[in-house]
Amino acid sequence: MTTEPNLGTVIDIDIGGTFTDCYVRRATGDSTAVKTPTTGFRLAVGFRQGLEEAAKRFGLTTSELLLETSTIRYSTTVAMNTLLQRSGPKLCLVTTAGFEDVLDIARGAAWMDAAVVREIRNVARISKPDPLVKAGMILGAKERIDSFGQIVRPLDEDQFLTELHKVVDRGARGFVISLLFSYLNPSHEIRIRELIESEYPDEYLGAMPIMLSSEVVPKRLEYTRTNTCILNAYLHQSMWEELAGMADELRSYGYPKGIMLVHNSGGMAEVYRTSAAATFNGGPVAGLIGGAALGKRRGDGNVIVTDMGGTSFEVGVISDGRARAYQFRPVIDRYWVDQSMLEVKSIGAGGGSIAWLNEAVGNRIEVGPRSAGSLPGPAALGLGGTEPTVTDADVVLNYISPESYFSGKAMLDRELAYEAIKSRIADPLEISVEEAAARIKRTVDSNMADVIARETFLRGFDPKDFVLLAYGGAGATHCVGYGSRLGIQRMIVCPFSPVFCAWGSSTMPVAHIYELSRRVELLAAGTKAPTAEFELFNSVVDELEAQARRDLRGEGYNPELANLRLELDIKYGGQIHSHRIESPLLRLHSTDDVMAIYSAFEGDYAAFFSPVNVFPEGGVEVHNFVFTASMPEPEWELQISEPDGTTVDTALTGERSVYWTEAADFLDTPIYGQSLLKPGYQIIGPAVIEAEYTTTVLDPGFELTVDNNFNLIIQQLVKEPSCR
Amino acid sequence: MSLDQTSLDGPEIPEYMRVRPIEISTATMVQWLKPEPVGEAERSWVEQLEPGDYEIYDEKLKNILDEAREIFVRSGVTNLLTAGDLIVAIYTANGDLANASAGTYLHCVTGCLPVKYVMHKYYSDPTVRVEAGDIFYTNEARYGGIHNPDQMAFMPVFHEGELIAWTAALAHQPETGAIEPGGMPILARSRSDEGMKLTPIKIGQDYRIKRDLLDMMVNFIDRSPRMQEIDTRARVTGADRLRVRVQELAVAKGNDFVRGLLRKLVLEAEESARRRIARWNDGTYRAVAFADTIGREPALVRGMLTATKRHDSIHMDFSGTSPENDSSYNAFPHIVAAHAAIFLFAYPFHDLPASNGTLAPFEWDIPEGSVLNAAPNAAISNSPPLCCIVMTSVTLALSKMMFDSEDRDKIGAPNGNMGSEIIFSGTSQHEMPYADLDGCTLNTEGQGARPDMDGVNAYGFPWAHAGRAPDAEFYEDEYPFLRLFYHLRRDSGGFGKWQGGLGTETAIAPRHVPTMFWSSIGKSTHISVASGLFGGYPSSASPGIWVSGTDLWEKMNRGDQDLPEDAVSVAADRALQGEYLLEHLTRLTRIGYSGDLIVQLAAGGGGYGDVLERDPDLVLNDLKNGQISSWTAKEVYQIRYEEDSLILDETATEETRDSARQTRLKRGKPWDEFISEWSKLSPNPEALKYFGTWPEGVAETPVVRI
């Protein structure tokens with residue numbers, strides 16, 4: 001549905017846990033969206049199936065489609081799959097002697113990382129993440145650098161080499177070197193790499209990755225720095241193998257170019273400029289960026305993007321046209337890392353989320369976080385599932401038609417859904433199956449609304465000031481349910497919502513992000529005097545900018561065209577946690593510049609926390625510099641059309657009895673085909689709009705209009721109409 | 001106009017806001033743990049909730065609580081926020097805890113008592129009153145707290161002129177202006193030595209903190225004024241964020257809805273807890289635990305619990321516990337209940353609301369004059385370290401109670417329960433005054449073993465479970481010392497069929513500055529408080545080590561190979577020059593000079609079951625991973641293996657274990673004979689100085705406090 005003049009065909013792929021989404025846009029402006037099952041055993045298979053289906057829709061062969069293709073952008077779950085299977089190489093971790101247990105100690109309660117509250121509270125059953133580097137493969141190097149970067153103890157090279165031989169004998173196939181305070185002084189890490197390379201050159205054992213924490217993430221705090229570095233080393237090989245397989249596949253069809261990989265920082269880059277950890281959660285981040293792009297084009301700067309899929313519900317917040325919030329505790333699998341990953345919050349609420357009765361607290365209905373997944377899936381799918389899911393409730397309430405679900409490719413059995421809800425929920429509670437289904441929907445909608453509220457409030461915003469963008473397989477079915485609870489005035493379902501994350505990557509720029517920890521006292525404690533150490537601040541920025549320019553130039557881009565952005569992690573003196581802001585200036589030249597940065601920090605901090613918390617008297621410290629260099633965003637256009645004088649009745653495909661909470665009953669409800677909707681059409685709820693992969697549910701009291709880009713705009717009617 | 005302090009009649013209190021009158025004393029505050037009676041109006045609000053409202057809006061409250069906790073944690077200073085020693089909570093209008101996001105469940109008890117006190121004492125008092133925009137504050141154990149480092153901000157929630165709820169944010173702060181730095185003065189002998197103690201007072205009106213009162217607090221805490229200033233603001237911010245959200249809920253759903261929802265949570269919590277208790281076997285379950293310090297000197301202190309379970313309630317009788325003493329290691333009954341809550345909310349009731357309703361089935365019987373029910377003028381700032389005896393005895397007694405039930409997966413041996421920390425203060429390398437504690441050992445104790453698996457190594461902070469230990473780089477960047485090592489502690493977990501998780505060990509040396517003040521808190525130096533369960537061993541004993549006047553910097557600079565890398569090598573190899581002192585882990589404040597070495601240990605968890613039943617492969621695996629020594633493998637677990645390859649000799653292991661069992665049988669004797677011999681034994685009299693009479697534990701002399 002988008003056009004990009006003067007360019008060839010563009011293919012965007014998003015490999016998710018259940019489906020591989022493919023969005024193809026040709027130079028002619030034609031586009032198509034295809035969903036195929038993800039093939040976990042080899043992701044390239046699902047990728048190829050998607051391409052074949054897309055090509056077929058254009059009347060082309062896969063080769064013909066690829067020959068006219070200029071760009072392939074790709075967000076992948078390879079990293080996650082490798083982690084799930086724990087199939088990475090045997091690594092050796094080099095730490096400062098005396099700190100070899102950094103992964104086991106794991107900041108104490110690492111069992112909380114990636115756990116939900118219910119799991120965290122159950123202390124009797126906790127477990128910590130299993131370290132990716134095993135005992136016996138961790139080598140303590142006798143050396144020490146202090147918090148000012150001074151060498152306190154020189155590196156004992158003889159001891160290191162003796163221990164090195166032992167770990168290689170135990171089968172080390174890669175090295176991660178993470179020494180204390182290496183971000184201030186990397187000399188020992190660099191020397192250790194030299195020692196490994198001289199002792200074990202490539203021709204001896206083959207190429208083994210050697211990763212230095214001071215190069216991968218030169219930032220303060222050794223646990224997360226080490227984890228990030230280990231993950232990159234652990235995933236490095238499998239990602240290369242998977243992408244090589246994909247490139248081979250593409251080459252066999254005649255596509256000679258490279259693949260751009262989507263990064264969780266909000267940009268993308270060539271494969272060889274991509275660390276494995278940067279690809280984690282790339283798909284949802286692409287959706288976030290797509291939401292920002294779509295919102296900007298529509299004039300909506302504040303957008304809440306929501307993705308309700310089969311197993312999870314994800315929320316991201318766009319303010320003033322930008323995704324600004326990074327994850328505060330970024331966790332990959334169960335490992336807390338130090339990586340600037342854009343925040344997309346996920347909870348276990350999707351179509352496959354299981355509804356259950358919590359006997360511990362009076363048999364109340366709960367939904368999730370357990371999911372029936374794709375196998376056995378919802379009971380209605382008939383693949384052996386007996387526990388009721390959100391999709392089963394939607395089927396019982398007739399929001400989803402068993403016959404047209406997923407274009408009829410996956411027939412649903414309403415009786416199975418009915419029986420699952422009856423036996424597990426309705427009978428124990430002595431209520432009707434319909435009421436039970438309605439309460440399941442109400443519960444999951446409320447849970448999603450709550451997480452949206454929390455994520456928005458935590459950034460200092462009010463959801464009422466946002467429009468809501470709904471996508472994912474179940475987003476359109478439930479968006480009125482969760483959006484209306486927040487008082488959101490407008491909800492948008494776009495025509496490519498089933499593959500929105502794939503589409504989102506078509507709006508992403510090439511971007512690189514560089515981070516470095518340096519302590520700069522912005523305002524002095526007590527006196528609040530602005531710093532005069534401009535040179536220290538500027539030298540850090542100089543270093544990061546030079547690196548960015550070098551990398552962009554190396555990839556064939558003109559760095560002069562790059563958009564440069566500096567973000568700073570700042571805290572009041574003594575605080576544990578810093579708060580990230582976008583710096584209004586790249587460099588300091590005067591105390592006014594210092595105060596400009598402080599003012600930006602104070603304003604953001606006060607909005608985020610409270611004006612009560614502002615305390616410059618305690619001193620103000622910069623701890624991390626985050627520098628982003630991004631090339632201009634790709635040009636894209638949405639398909640546009642004007643009202644043609646036809647009426648919405650032409651899109652009417654039938655009528656069925658659908659349950660509406662307001663009426664507490666089933667009502668005859670009109671059914672529309674989304675592909676038949678045209679700009680200017682207006683529908684008053686209750687109604688159901690069916691598309692190839694999604695069903696939009698329009699409750700009574702809401703109206704839907706189709707805009708010139710075929711987006712469905714849902715708004716609450718001013719007057720509450722009675723149900724038909 | 002002259003001064004007039006005669007009492008005036010305040011507004012009449014509606015029934016739903018009333019608090020049961022009790023005699024206010026340190027011995028009786030625990031009575032307010034019972035939920036308030038439900039009046040007619042409140043009952044009707046509960047009944048008016050529509051089907052589904054309870055689950056949906058309880059979930060909403062949880063999200064609100066999570067939001068407020070996040071704001072609180074991220075805006076504060078104290079390391080205890082990272083350790084999780086905090087709570088944000090929502091209460092009914094009369095102070096019952098509806099739900100909370102709790103880093104530590106201690107404060108599920110301590111929070112509601114000050115709220116009830118304010119409603120009981122001040123709501124109708126025209127000199128105080130409770131009005132929209134008020135900010136209350138307290139850190140006084142006499143009024144429901146645990147000890148004065150725990151400071152709490154709490155705010156009434158009004159909507160349309162009606163009080164509908166209370167909100168609170170509480171966190172521990174390691175400085176109180178006491179006679180020693182760190183907030184938990186070891187030398188305190190009476191409450192007068194313990195620093196700032198604020199009864200529940202109004203520190204703000206019209207949503208503003210009063211500057212004069214904030215200055216007063218900062219003045220009290222002048223070892224760390226910045227921490228007081230920022231963290232007071234952070235607490236108020238956390239409580240206010242909750243207030244705003246609850247108020248929004250009232251706007252959307254009405255006051256009756258909010259009041260009904262909050263009461264429903266308390267009622268449901270109690271009913272659910274009673275249902276669960278009812279499925280355990282009736283009976284009497286006993287447990288005993290020992291602490292080996294009263295802070296300023298090593299001493300044996302006993303905690304004894306007889307838990308009698310009948311139908312859906314449990315009577316907790318602590319008779320036999322040692323008498324109170326003139327140290328700061330004393331407690332009050334509500335503090336005991338709070339320490340029981342640490343186990344109850346994380347194990348048997350982990351899936352129930354963090355509400356005082358959940359604790360309603362418990363009756364507390366704690367003898368006056370015991371160390372757990374001390375006189376009101378007692379120093380209690382170290383009540384948490386003392387109450388390790390409560391944590392252990394409650395864990396043991398209730399685990400036995402639940403063993404033969406469908407809740408066996410909710411039991412475990414005691415966690416480390418040590419609370420090991422170095423406390424430091426002075427002027428930092430950044431020329432800022434500081435007073436803080438080392439969260440590295442505090443948050444990395446071992447978890448007790450479970451019925452089907454080992455305890456987790458370095459699992460967290462037993463008082464708050466989910467304690468986060470900051471990185472070594474964080475501390476060294478902020479404070480003037482260098483950490484020499486930070487390890488898991490070999491052999492520290494209690495042995496058993498399932499092994500207790502390991503604790504950690506660390507050593508720090510002052511650097512960048514000539515001196516720093518330091519002290520430390522810990523226990524289990526002479527006898528471990530982390531007992532085993534069902535035959536499991538207790539965790540290992542944990543001494544403190546101090547080496548003063550070392551040549552550490554010279555040796556590091558030279559690149560000497562023999563620098564110690566763990567606690568055993570510090571003490572055994574003595575590669576550093578200097579004066580060595582092996583001492584109790586609780587140490588009084590002293591000056592540390594650049595290069596002195598302070599070694600601190602964190603406890604492992606208790607073991608579970610018979611060591612001879614541990615899978616030999618697991619033993620070998622622990623040996624390979626360095627988690628146990630070869631001595632332990634051979635002498636405790638009785639396995640045999642090939643020394644170089646570490647391959648198990650199955651036959652020899654079986655024979656050795658059979659032989660060990662035979663030896664046990666030979667040691668066996670009839671019950672009466674055993675009791676007769678056992679009763680003649682007595683600890684070294686020196687250890688019994690604060691124990692009370694042996695073996696009864698009855699006070700021998702009255703405690704005099706000045």
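1. A word on confidence comes before anything else: pLDDT is the predictor's confidence in each residue, on a scale from 0 to 100. This is a predicted model, in which local features need pLDDT of at least 70 and side-chain atom pairs count only at pLDDT 80 or more, while totals for chains, interfaces and linings use all residues. Residues are numbered from 1 along each chain as its sequence is written, and chains are lettered from A and ligands numbered from 1 in the order in which they are written.

2. Chain A has a mean pLDDT of 90, with 98% of its residues at 70 or more. Two stretches of chain A fall below 50: residues 1-6, with 22 contacts in the model beyond near neighbours in sequence, and residues 720-724, with 11 such contacts. A contact here is a pair of residues whose C-beta atoms, placed from the backbone, lie within 7 Å. Where pLDDT is low, the predicted coordinates should not be read in detail.

3. Chain B averages a pLDDT of 94, and 98% of its residues score at least 70. For the model, the scores are ipTM 0.95 and pTM 0.91.

4. Now the interface: 69 residues of chain A are in contact with 77 residues of chain B. On the chain A side, the elements that give two or more residues include α4 (102-105), α10 (222-252), β20 (364-371) and α14 (433-457); helices (H or I, at least four residues) and strands (E, at least two) are DSSP runs numbered from the N terminus. The largest share, 10 residues, comes from α14(A).

5. Nonpolar covers Ala, Val, Leu, Ile, Met, Phe, Trp, Tyr, Cys and Pro; charged covers Asp, Glu, Lys and Arg; the others, Gly among them, are polar.

6. Within chain B, have a look at helices α9 (residues 333-344) and α11 (residues 388-403), whose axes come within 9 Å and cross at roughly 50 degrees. Axes are lines fitted to C-alpha atoms, for helices over the stretch in contact, and angles run from 0 to 180 degrees between N-to-C directions. α9(B) and α11(B) are therefore oblique to each other, given that angles under 35 degrees count as roughly parallel, over 145 as roughly antiparallel, 65 to 115 as roughly perpendicular and the rest as oblique.

7. Residues making this helix contact include B:V336 and B:F343 of α9(B) and B:M391 and B:L398 of α11(B). The contact divides into eight nonpolar, two polar and no charged residues.
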